[in-house]
Amino acid sequence: KAQPKTSSKTLKPIAADCRNAIKLPSSKVTTYGPTIAPNGFGDIEEIKSDKKGNKYFFDKEHNSAWYYFDVATDGLLALKIIPINPKDDYDFLLFKWSDSNFCKNLTKNKILPVRTNISRTGRGSSEITGLTGNATKEFTTAGIGNQFSKSIDVKKGERYYLVLDNVYPEGDGHTIEISFEKEVSLSGIVLNENKVPIKSAEVTLEDKKGNEIYKTITDQTGLYHINTFVVVNENYNLVFVSDSSFVDIKEINQENLKKNNYKINDINTVLPQLKGGKKYFLKGLNFYGDSYTLLPQSHSSLTALYKLMKKNKNMKIIIEGHVNDPNGDREKQRKDILVDDVLSIQ
C-alpha cells in the first residue's frame, strides 16, 4: 500500500484514491500546489486498461493524485498541470461526477472521462499539460503528441473529478491551475517611422510570465491578425520584433478586452529603424524595490531584446538605467521601481 514519500509544511497534500480526493476551491481562478510527490496508487487502483493506445484510460496508475472541484461559473474551463520537476511526465483524466456511486462505478470502468491527455511530456516534450481552447483534440493517447487537450464548456455547480498520474517513480509534486478562457481577436498594422508598412514583422502574444500564447507575422501591408484563447482576468503583452527595427511592447489588459468584447482591431505600432549611435527606450522593465531582481512581467521586454539581438548578431548595445536612491526614503523604496532603460546602438 503506497503512501506519499514525504510531507512538508510548504508542500500541499494529495490523495491517491478517488474516495479520498482533495477538494479544490470553487472560484473563477484556482491554484493548488506545489504538492508533495505522488508515490504509488494508494489503496485501490481505480484506473487501468488492457487496450493498447486507449484514449480514455492509463494502462495503469503509477503515481497518482485525485482531486475534485465544483464549477464556479458557466464558461470554457481551462487547466494547467505544472510539475515541480520538468523531467516528470504527468498524464491526466477528467471525469464529470454522476452520483454517490461515482468512485465505485469508476473502478469498474463504467464511467468514461470527458477529457484526457496521456501524451508524453517531461522527457519527450514540454513538461506542462492541461486543457486549452487552442487545442483541437478532446482525448490524447499515449506517445508523442500535443501536451494540451481541448478545453470544455461547463456549467456553474457541476462537479468534476481529476486524476493525475506521474509515469516516473521517485518524482516530485505539481501545481494545478484552473481558470476560464475567452476567444480573443487582435489585429493591427506595423509601420516604420516613414509610415511604410513593415512586412514579415514578428508579432507575439505573451502572458505576463513571458510564455508565448500565439505568434504570427505581418503581411506585405504590415497587417497582422491573432485569433486565440486567453484566460479571463489576466493581462497580456503584444511583442513586436523586426529584423532592422527596434522592438515595441503593448499591454493588452482585461479591462480593455472586456470593454471591446474581446475584439480589438486597431492595435497599430511604429517600429523605429535601427541606426548606429541612436538611443531607444525599452518599455516594461520593472524591478522589485531595493533590488536588481526583475518582476515577472518584465520577461516580455527581455525576450524582445533577445530576439532583436539574435536577428542582428553583429549589433553592439550599451544599456543605461537608474534605480532608487539607496539613502532615500525607505518607505518609498519598498514600492516597485519602474525603470525606462535606454539602449544605445553602436
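Is lysine 23 buried, partly exposed or exposed? At 49% relative accessibility, lysine 23 counts as partly exposed; buried means under 20% relative accessible area, exposed over 50%, and partly exposed in between (1.4 Å probe, protein chains only). The model is predicted, so local features need pLDDT of at least 70 and side-chain atom pairs count only at pLDDT 80 or more, while totals for chains, interfaces and linings use all residues. Residues are numbered from 1 along each chain as its sequence is written, and side-chain values use heavy atoms, with hydrogens and water left out.

Six strands form an open sheet with mixed pairing. Their order is β1-β3-β11-β5-β6-β8. Strands are DSSP runs (E, at least two residues), numbered from the N terminus, and two of them pair if DSSP finds at least two bridges between them. β1 (22-23) and β8 (139-143) stand at the edges. Each has a single partner strand, so one side of each lacks a neighbour in the sheet. Strands β5 (residues 90-96) and β11 (residues 159-166) run antiparallel and are joined by seven bridges. Aspartate 91 has aspartate 165 of β11 as its bridge partner.

Lysine 23 also takes part in a salt bridge, with aspartate 70 (4.0 Å, N to O). A salt bridge here is a side-chain nitrogen of Lys or Arg within 4 Å of a carboxyl oxygen of Asp or Glu. The pair links strand β1, which holds lysine 23, to strand β3, which holds aspartate 70, 47 residues apart. Aspartate 70 is buried, with a relative accessible area of 19%. The side chain of aspartate 70 also meets that of arginine 159 in a salt bridge (2.7 Å, N to O). Arginine 159 lies in β11 and aspartate 70 in β3, so this pair ties together parts 89 residues apart in sequence. Arginine 159 is partly exposed, at 26% relative accessibility. Elsewhere, lysine 208 and glutamate 251 meet in a salt bridge (3.1 Å, N to O). Lysine 208 lies in the loop between β13 (202-207) and β14 (212-217) and glutamate 251 in strand β17 (residues 248-252), so parts 43 residues apart in sequence are tied together. Shared partners join Lys23, Asp70 and Arg159 into one network. The structure holds nine salt bridges.

Arginine 159 has a further contact. Its charged end sits over the ring of tryptophan 97, 5.5 Å from the ring centre; the criterion is NZ of Lys or CZ of Arg within 6 Å of the centre and within 35 degrees of the ring normal.

Seven aromatic pairs are found in the whole structure. Rings of Phe, Tyr and Trp (its six-membered ring) pair if their centres lie within 6.5 Å; planes under 30 degrees apart count as stacked, over 60 as edge-to-face and the rest as tilted. Tyrosine 68 and tyrosine 161 are stacked, 5.2 Å centre to centre with 15 degrees between the planes. Tyrosine 68 lies in strand β3 (residues 64-70) and tyrosine 161 in β11, 93 residues apart. Both tyrosine 68 and tyrosine 161 are buried. Phenylalanine 95 and phenylalanine 102 have ring centres 6.2 Å apart and planes at 75 degrees, so the pair is edge-to-face. Tyr68, Phe95, Phe102 and Tyr161 form one aromatic cluster.

The largest nonpolar core has 25 residues. Such a core is a set of buried Ala, Val, Leu, Ile, Met, Phe, Trp, Tyr and Cys residues joined through side-chain atoms within 4.5 Å. Tyr67, Phe69, Leu79, Leu164 and Ile176 have the most contacts inside it. Apart from this core lies another, of 21 residues, among them Leu186 and Phe240.

Key:
Helices (H or I, at least four residues) and strands (E, at least two) are DSSP runs, numbered from the N terminus.
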